[in-house]
Amino acid sequence: MFRIEKIGDFHFYIKVLGTFPPSVAERFITEFNESTKRLNNFSVIVDGLDLIILNLKSFKIVLDFLKKNNERLVRSAYIVARNPVLDKEAQILLDRADSPKRKIVNNLEDARNWIGLSKIVIQRD
């Protein structure tokens with residue numbers, strides 16, 4: 001599962017929950033592309049604190065997506081601090097996406113600072 005929320009003019013918050021099978025990864029890419037299609041650039045906070053596992057096929061789908069968006073990306077922060085295995089997977093994913101604009105952070109405050117927002121208001125479920 002995932003949720004995409006616009007938190008600024010060109011800033012997005014993405015909450016990833018549970019597992020992330022290939023069908024969900026593909027649906028995420030479709031929805032995110034729809035959300036950003038009118039923007040020349042964007043910044044993203046990816047909150048993966050509640051992510052359980054990233055399927056290998058999903059990993060490849062997301063990696064291809066990240067590489068395609070390197071030019072439009074201003075900055076992105078990935079919060080994955082609670083799961084050492086996912087933290088390592090996220091680091092490998094970001095290394096392969098080949099962009100210094102992406103960073104793993106420990107919390108929402110660090111993420112907010114990295115992407116350059118003065119404050120964040122996130123809609124809670």
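A residue is called partly exposed when its relative accessible area lies between the 20% under which it is buried and the 50% over which it is exposed. In this predicted model, arginine 27 has a relative accessible area of 38% and is therefore partly exposed, and glutamate 31, at 36% relative accessibility, also counts as partly exposed. These two residues form a salt bridge, and because they are four residues apart in helix α1, about one helical turn separates them.

A search of the whole structure finds six salt bridges, among them the following.

| Pair | Closest N and O atoms |
|---|---|
| Arginine 27 and glutamate 31 | 3.8 Å |
| Aspartate 47 and lysine 15 | 3.3 Å |
| Aspartate 50 and lysine 15 | 2.7 Å |

Lys15, Asp47 and Asp50 are linked in a network of salt bridges. The pair of aspartate 47 in strand β3 and lysine 15 in strand β2 links distant parts of the chain, 32 residues apart, while aspartate 50, also in strand β3, lies 35 residues from lysine 15. Aspartate 47 and lysine 15 are both buried, whereas aspartate 50, at 35% relative accessibility, counts as partly exposed.

Technical notes
Residues numbered from 1 in each chain as written. Predicted model: local features only at pLDDT ≥ 70, side-chain atom pairs only at ≥ 80, totals over all residues. Heavy atoms only, no water. Salt bridge = Lys/Arg side-chain N within 4 Å of Asp/Glu carboxyl O. Helix = DSSP H or I, 4+ residues; strand = E, 2+ residues; numbered from the N terminus. Buried < 20%, exposed > 50% of the residue type's maximum accessible area, 1.4 Å probe, protein only.
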